[in-house]
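Q: Take a close look at one part of this model for me, please. I'd like the surroundings spelled out, with cut-offs.

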Amino acid sequence: MSTPVDARPPGPLETVLDTVRLLDPDGSPVPSERWAMPSDDVLRERHRAMVLGRRVNDQASALTRQGRLAVYPSSHGQEACQVAAAAALRPGDWLFPTYRDTVAVMGRGVDPVEILTWLKGDRHCAYDPVAHHVAPQTTPLATQLLHAVGVAHAARLRGLDEVALALCGDGATSEGDFHEALNFAAVFRCPVVFLVQNNKYAISVPLSRQTAAPSLAHKGVGYGVPAVLVDGNDVAALGAVLDAAVAHAAAGGGPVLVEADTYRVAAHTNADDPSRYRSDDEVEAWRARDPITRVRAYLRARGALDDAAEAAVAAEAEELAASIRDGVSGGPGPSPDDLFDHVYSAMTPQLRAQRDLLREELAAEGADR
Ligand SMILES: Cc1ncc(C[n+]2csc(CCOP(=O)(O)OP(=O)(O)O)c2C)c(N)n1
Ligand SMILES: [Mg+2]
């Protein structure tokens, strides 16, 4: 039986397993017949967002060293993926981020101070997921992919023009949830874009121990999902590919898998010592492919970015860092009662008993001090 779900026409995106690149590491443009170079205005804005994102990454990492944040998974080196992902979405679309995707969440207009709240040890997602159309950042690997598929499927059934873009890492592609999400999305032609940030490690596990496939994009082929491999440190190529992927999904073409070839320059988190599993030479080679210097060189060579514009962005980044330092330190935490208040619309007797027990324990602790 034919249903409206089957009636949508296929979109135009086709699988590309050779790396899409529009800017070489030195900032020279790479000609392409298939992919259009974004305008100078767009790339200047992406450069700005990456500089701000880098500053937030580095500031948050510094706050862990001062004990003011419990943990921070930095995306230093991956800012192009994060910025391009957020920028590809239309206002009503949804972002499903992981713990490492602070900069992508910022790209949806969420204040970094709010984003960082959970990394202080607060048990709540501090921003409003519905208001921003940004799901809470997930730590259980790949679970957010299924949530994204569910939201996208529901949007189609309800006739809403909404695409979900879900981020995950190379390690997460070994989770069952990744495969279930791709398969369901493909069969039901859900408007989802899966963006795998292949940063080469899952904590200390290198890509070579994660998969025997020639690339992670190849995994799309098995599910009948168009897949594109893109240089993840090239914000111009990422923009071209992700914009096309969102347009494809929005037009009823079904899901798209994008693999971004990038690198985690920083440690997995502040709790990790990467010198135990990778060489300085390897890291230096990737620093030479930095996503910010690359687009900066391109814009400077075209006269589209000058000292004054760069100084303005640098000043904005410093202001943002100061606001994070102040914001993360200030304010009381939420009430312990919140743990119980928001579970059911009417509290069960068991929850009430647990809440009263916790209140008694906290009161006793307070009396001991
Ligand atoms: C289901 C599940 N298994 C294991 C972990 C522990 N864990 C946390 S991060 C991580 C590595 C994930 O690597 P990847 O998906 O490549 O993302 P990256 O951290 O590199 O961004 C692991 C194994 C977890 N959070 N969830
Ligand atoms: Mg990884």
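A: Thr117 is buried, at 16% relative accessible area (buried means under 20%, exposed over 50% and partly exposed in between, with a 1.4 Å probe and protein chains only). This is a predicted model, where local features need pLDDT of at least 70 and side-chain atom pairs count only at 80 or more, while totals for chains, interfaces and linings use all residues. Residues are numbered from 1 along each chain as its sequence is written, chains are lettered from A and ligands numbered from 1 in the order written, and side-chain values use heavy atoms, without hydrogens or water.

Thr117 sits in the loop between α4 (112–115) and α5 (129–132) (helices are DSSP runs of H or I with at least four residues, strands are E runs of at least two, both numbered from the N terminus). A polar atom of the Thr117 side chain lies 3.2 Å from the backbone oxygen of Val113. Skip residues up to four places away in sequence, and Thr117 touches Asp122 and Ala126 (contact means heavy atoms within 4.5 Å).

Now for the magnesium ion, ligand 2. Asp170 (OD), Asn199 (OD1) and Tyr201 (O) coordinate this ion at 2.1 Å (donors are N, O and S atoms within 2.8 Å of the metal, or 3.2 Å for Na, K and Ca; water is not among the atoms, so sites may look incomplete). Along the chain, those donors are spaced D-x28-N-x1-Y. Asn199 counts as buried at 4% relative accessibility, and Tyr201 does too, at 9%.

Two of those names come back at ligand 1. The shell there holds 15 residues, and Tyr99, Arg100, Asp170, Gly171 and Tyr201 come nearest (near means a heavy atom within 4 Å). An oxygen atom of ligand 1 lies 2.7 Å from a polar side-chain atom of Tyr99. At 2.8 Å, there's an N or O atom of the Asp170 side chain by a ligand 1 oxygen, and a polar backbone atom of Tyr201 is 2.8 Å from an oxygen of ligand 1. On its own, ligand 1 exposes 580 Å², and the protein buries 72% of that (Shrake-Rupley areas, 1.4 Å probe).

Gln197 belongs to strand β4 (residues 192–198) and is buried, at 4% relative accessible area. Its side chain makes a polar contact of 3.2 Å with that of Gln82 (N or O atoms within 3.5 Å; within protein, one must be able to donate a hydrogen and the other to accept it, and sequence-adjacent residues count only if both atoms are side-chain atoms).
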